[in-house]
Amino acid sequence: NSSDLSPSFVLASPPGLEAAQAWMAWIPLCSAYALALAGNCAVLLAVRLEPGLHVPMYLFLCMLAAIDLALATATVPRTLCFYWFGSREIGFGACLLQMFLIHTLSAVESSVLLAMAVDRYVAICHPLRHAAVLTNRAVAGMGLLAAARGVLFFLPLPLLLLPLPFCGSRELSHSFCLHQDVMNLACASTTPSVVYGLTAILLVMGLDAVLICLSYVLILKAVLRLAAWRERLKVFSTCVAHICVVLAFYVPLIGLSVVHRFGKDLAPLVHVIMGNIYILVPAVLNPIIYGVRTKQIRRRIL
């Protein structure tokens, strides 16, 4: 029960299902990871091979696919090792690194979704200026800015946890490391971590969500000014895939936050499932959504 300078943590195991862990890994988790890998790699390859897709919307989609691949790879292989080989312990440094990657990549994905919303706004509300504003150089700059923003905002999270002592229980609520989860195991004041973590989430994901909603309010106003209903539907249909991708990212994020805030009395299995949904659902759904909505991507994949 004493604290030490380099503690290890115990990844969450679905209670009552220990005997079926290998099958649980193979069937839902491994299948979802394989779909995420295949789908996002197919999108990257399709955009690379199709010259007609070398436009801002699909360049942002490539960034999204790369982020989803990195996020899934940062968590799922370690979880599969846990299920297959029973290796539940994760070192303090490895846990902090995984936590940093998860939160940073999520922040970068949120920023890319905002950039895609800006692209849709300019394309619909200012179509004549679209090519001049969203050049390839501007798209690359937005991608670099999104990456720098994620690193700068979420690098302090593991640094704030480094000096904290950990004692008592070391068992996490998920099969990977999250800031809220690790922070709750500390046996010292976590007020700076709580305040900074909440501030970072609000200034990145919260602000991005507000700006995405604002962009769609402006898009809707521009669409409603069109005379014919058929023309309105045609213009707005170009945003459907992006709206679905935004929901696939923010709904699991909000669900996981609600479980952390109000789910102390929920079954441990709920925490494990919600964590895996948060990591894998966007990575699996994003290529499917754009594959269904984009003829060029679908043709190249086939």
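Select Arg300 to start: at 41% relative accessibility this residue counts as partly exposed, a class that lies between buried (under 20% relative accessible area) and exposed (over 50%), using a 1.4 Å probe and protein chains only. The model is predicted, so local features need pLDDT of at least 70 and side-chain atom pairs count only at pLDDT 80 or more, while totals for chains, interfaces and linings use all residues. Residues are numbered from 1 along each chain as its sequence is written, and side-chain values use heavy atoms, with hydrogens and water left out.

**Salt bridges**

Glu50 and Arg300 form a salt bridge, with 3.1 Å between the closest N and O atoms; the term stands for a side-chain nitrogen of Lys or Arg within 4 Å of a carboxyl oxygen of Asp or Glu. This pair links distant parts of the chain, 250 residues apart: Glu50 sits in the loop between α1 (21–49) and α2 (56–85), and Arg300 in helix α12 (residues 295–301). Helices here are DSSP runs of H or I with at least four residues, strands are runs of E with at least two, and both are numbered from the N terminus. Glu50 is buried, with a relative accessible area of 12%.

The structure holds 5 salt bridges. Go next to Asp208 and Arg149, where the closest N and O atoms of the salt bridge are 3.0 Å apart. Asp208 belongs to helix α8 and Arg149 to helix α5 (residues 136–154), so that the pair joins distant parts of the chain, 59 residues apart. Asp208 is buried at 0% relative accessibility, and Arg149 is buried at 18%.

Then select Asp119 and Arg120. Their side chains meet in a salt bridge (3.0 Å, N to O), and both residues are buried.

**Along helix α8**

Which residues form a nonpolar patch on the surface? Select Leu207, Leu211, Leu214, Val217 and Leu218, which together have about 380 Å² of accessible area. A nonpolar patch joins side chains of Val, Leu, Ile, Met, Phe, Trp or Tyr within 5 Å, from residues with over 30% relative accessible area and no salt bridge; the areas come from the Shrake-Rupley method with a 1.4 Å probe. Leu211 lies in helix α8 (residues 191–224) and is partly exposed, at 33% relative accessible area.

Gly206 is also placed in helix α8 and is partly exposed, with a relative accessible area of 27%. Draw a distance from Gly206 to Tyr250: the two are 44 residues apart in sequence and 9.9 Å apart in space, C-alpha to C-alpha.

**The nonpolar core**

Select Phe9 and Leu113, the residues with the most contacts inside the largest nonpolar core, which has 83 residues. Such a core is a set of buried Ala, Val, Leu, Ile, Met, Phe, Trp, Tyr and Cys residues joined through side-chain atoms within 4.5 Å. Helix α3 (residues 92–125) supplies the largest share of this core, 15 residues. Beyond its neighbours within four places in sequence, Phe9 has contacts (heavy atoms within 4.5 Å) that include Ile90, Phe92, Cys95, Phe166 and Leu185.

**Helix α11 and the annotated range**

His271 is in helix α11 (residues 268–293) and is buried, at 10% relative accessibility. Leaving out residues up to four places away in sequence, His271 touches Ser173, His174, Val259, Gly263 and Leu266.

Finally, select residues 39–290. Over this range the chain is 78% helix and 1% strand, and the end C-alpha atoms are 10 Å apart.

Technical notes: Patches are made of residues with over 30% relative accessible area and no salt bridge: like charges are joined within 9 Å, nonpolar side chains (Val, Leu, Ile, Met, Phe, Trp, Tyr) within 5 Å.
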